[in-house]
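The sequence and the model are shown first.

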Amino acid sequence: MSDLDHCPYCGVPLTGFECWKCEVEFVYEAGADKLVERRRPERSERRCIGCDLPLKHSSVLTHAWADGDNRDAYITCADCGCQNIFES
Ligand SMILES: [Zn+2]
Ligand SMILES: [Zn+2]
């Protein structure tokens, strides 16, 4: 019998399809009638135009016109302070 409510790895009850313990998200694979680990889609990483490091969450987003004269939103790199125009 398949148990789709519990983590196949550690057995804790799943929250939705996510195991808080393993920090893994599962999807139900109908063909195999079991839960398989969901691969997180690779996010295309934005890199700073100044230092070529990935822009971190700590980098600050300044919204358009927040400075008064910036018509584009930009992200200030936490590493080098370079202003990267933000395109959504
Ligand atoms: Zn687990
Ligand atoms: Zn930078």
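Of the 88 residues of the protein chain, 9% count as buried, a residue being buried if 20 or more other C-beta atoms lie within 10 Å of its own, exposed if 12 or fewer, and partly exposed in between, with C-beta atoms placed from the backbone. This is a predicted model, in which local features need pLDDT of at least 70 and side-chain atom pairs count only at pLDDT 80 or more, whereas totals for chains, interfaces and linings use all residues. Residues are numbered from 1 along each chain as its sequence is written, while chains are lettered from A and ligands numbered from 1 in the order in which they are written.

The overall dimensions are collected in the table. The radius of gyration is taken over C-alpha atoms, and the globule rule is 2.2 Å times the number of residues to the power 0.38.

| Quantity | Value |
|---|---|
| Radius of gyration, protein chain | 20 Å |
| Span of the C-alpha trace along its principal axes | about 65 × 25 × 25 Å |
| Distance between the C-alpha centres of domain 1 and domain 2 | 36 Å |

Domain 1 covers residues 1–41 and domain 2 covers residues 42–88; these bounds come from an automatic or database domain assignment. Among contacts in the protein chain with a separation of 6 or more, 25% join residues 24 or more positions apart. Two residues are in contact if their C-beta atoms, placed from the backbone, lie within 7 Å.

The protein chain has 0 helices and 6 strands, where helices (H or I, at least four residues) and strands (E, at least two) are DSSP runs numbered from the N terminus. An open, antiparallel sheet is formed by 3 strands in the order β1-β2-β3. Because β1 (18–19) and β3 stand at the edges with a single partner strand each, one side of each is left without a neighbour in the sheet. Strand β2 (residues 24–29) pairs with β3 in the antiparallel sense over 4 bridges; pairing requires that DSSP finds at least two bridges between two strands. Opposite E37 in β3 stands F26.

G50 lies in the loop between β3 (34–37) and β4 (60–62). This residue, G50, is partly exposed because 14 other C-beta atoms lie within 10 Å. Leaving aside residues up to four places away in sequence, G50 touches C77, C80 and C82. G50 and G68, by comparison, are 18 residues apart in sequence and 23 Å apart in space, C-alpha to C-alpha.
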